[in-house]
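Hello! Here are some notes to read alongside the model, in the order I would look at things myself.

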Amino acid sequence: MRTTLRTGRAAAVFAAVAALTLAACGDGGGGEEGGSGGKSGTPSPPGVELPRLDGEKIQVTAVWSGPEQENFVKVLDEFERRTGAEVTFVPAQDPIVNFLGTKIAGGSPPDVAMLPQPGAVRQTVERKWAKPVGPAAQVELAENYSPGWQAIGQVDGKQYGVYYKAANKSLIWYNSAVFENAGAREPKTWQEFLTTAETISASGVTPVSVAGADGWTLTDWFENIYLSQSGPEKYDRLAEHEIKWTDPSVREALTTLGRLFGEEALIAGGADGALQTEFPASVTQTFTGGDQPKAAMVFEGDFVGVNIAQTDAEIGKDAKVFPFPAVGAKPPVVTGGDAAVALKDSKGAQALLTFLASPDAAGIQAAEGGFVSPNTSLDLAVYPNEVQRSIAKALIAAGDDFRFDMSDQMPQSFGGTPGEGFWKRLQDFLKDPEDVAGIQRKLESDAAKAYKD
């Protein structure tokens, strides 16, 4: 019920993402072609060939909402324009595999599902829901994707998923006015990060916004610390449950995270407030209120840009970003992504997969911000600002040297279900960060059951 991408050492991506620190200080102004500067471009003229689908109705489902959903619908609108098909977006609930099971049992499966975990892709294949990627989409994948990004969408060597959307989940965004007023600098290590947080706190602003109501954000905190502290090999082994959650390396990572979670004054609203804060609010409260926001920093991926766009803050000026600080020898780089999987063996479903594997589709959503594509053929000039271009450039430059989100590789009952498993235990940890051993035991108990099932 899980799949892991083992891609060797992450040195290249560490170096590439380190460049974000410099890029984040820019103002999104002019520069060179190909993503190193300049105003946001527009998608290239249509390049991918699509069939006419006049009269065909296609349903697409994803757990996206708000601006993320709205921007994806713009991609679907262009697909409609080019093919004549009628495409409907169907909002899904987490966990999406359960949502799909209900739809399939009722005899109304969507044509295409956007799946946020490799484990979910595998589950749809094991349950004989997913259809293999067709020849036209495979051509697009071969032309536009590195072998590693193709491999994540494969099950037992056969291609089922098209990774339309990627994410760099090792970023910390900050309110530049607060940093300037406090005399704070971008930290490079975990200790420097905590020191910076204390400096900001002393200036009268709570330093860190934590989206504790959404357990997945807490798993991302843990994963970044664990990858940097224990290294890629142990990261892979823990993802596969080859290492127990009672292992000393897990204790070390939780203890490190507890240095933040255990300091109520460093977290907006304290633990109780954080546990009531959903991800969108964790971002907007950081960039609302000028130099007196509810928090100075918020951790999460490049998609934070979508939520910043809901405020008056300007990315690259009011909102800047630095790489997740190094806990061990090197800073971590954790990626995520959403794969398009066909659930109907229809001409329309396969045409949509072909479109989503092309730079044509990626360019539409990239231009809206808060989105990064692993598509190597996408002109980086389409991204709307220098920060987004730098994040995308780092992802592409990394090639296959990255580690995929750990929780997304796990059985969904443990790594991807609200109120259960990994998500729930880290919410418990946020409440009581001193109970490291107790949280480890509960994590191991939950994991043992999930991996056995």
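Are Glu68 and Lys165 buried or exposed? Both of them are buried, and point 4 comes back to this pair. Please keep in mind throughout that this is a predicted model.

1. Overall make-up. The protein chain has 22 helices and 12 strands. Of its 453 residues, 61% are buried. The accessible surface comes to about 16800 Å², and carbon and sulfur atoms hold 47% of that surface. Among contacts with a separation of 6 or more, 78% are between residues 24 or more positions apart.

2. In soluble globular proteins, nonpolar side chains tend to be buried together. Here the largest nonpolar core has 84 residues, and the members touching the most others are Phe72, Phe79, Met114 and Trp173. Helix H16 (residues 347-356) gives this core its largest share, 6 residues. Apart from it lies another core of 56 residues, including Trp190, Tyr235, Leu254 and Ala274.

3. Helix H3. This helix has 18 residues and spans 26 Å from its first C-alpha to its last, close to the expected 26 Å. Its buried residues include Phe72 and Phe79, and also Glu68, Glu78 and Arg82. Gly84 follows H3 and has a positive phi, near 85°.

4. Back to Glu68 and Lys165. These two residues form a salt bridge, with their closest N and O atoms 3.3 Å apart. The pair links distant parts of the chain, since Glu68 lies in helix H3 and Lys165 in strand E6 (residues 162-168), 97 residues apart.

5. Other salt bridges. The whole structure has 15 salt bridges. One of them joins the side chains of Arg52 and Asp54 at 2.8 Å, N to O. Arg52 is partly exposed, with a relative accessible area of 47%, while Asp54 is exposed at 55%. In another, the closest N and O atoms of Glu242 and Arg237 are 4.0 Å apart. Glu242 counts as partly exposed at 45% relative accessibility, and Arg237 is partly exposed at 32%. Salt bridges with shared partners also join Glu78, Arg81, Arg82 and Asp360 into one network.

6. Aromatic pairs. There are 29 aromatic pairs. Phe79 and Phe355 form a tilted one, 5.7 Å centre to centre with 40° between the planes. Phe79 lies in helix H3 and Phe355 in helix H16, so this pair ties together parts that are 276 residues apart in sequence. Phe79 is buried, at 0% relative accessibility, and Phe355 is buried with a relative accessible area of 0%. Tyr174 and Phe179 make a further tilted pair, 4.2 Å centre to centre and 35° between the planes. Tyr174 counts as buried at 5% relative accessibility, and Phe179 counts as buried at 3%.

Definitions and conventions:
Residues numbered from 1 in each chain as written. Predicted model: local features only at pLDDT ≥ 70, side-chain atom pairs only at ≥ 80, totals over all residues. Heavy atoms only, no water. Core = buried A, V, L, I, M, F, W, Y, C linked by side-chain atoms within 4.5 Å. Buried < 20%, exposed > 50% of the residue type's maximum accessible area, 1.4 Å probe, protein only. Helix = DSSP H or I, 4+ residues; strand = E, 2+ residues; numbered from the N terminus. Phe/Tyr/Trp six-rings, centres within 6.5 Å; stacked < 30°, edge-to-face > 60°. Contact = heavy atoms within 4.5 Å. Areas by Shrake-Rupley, 256 points an atom, 1.4 Å probe, with all protein chains shown as cover. Expected span 1.5 Å × (residues − 1).
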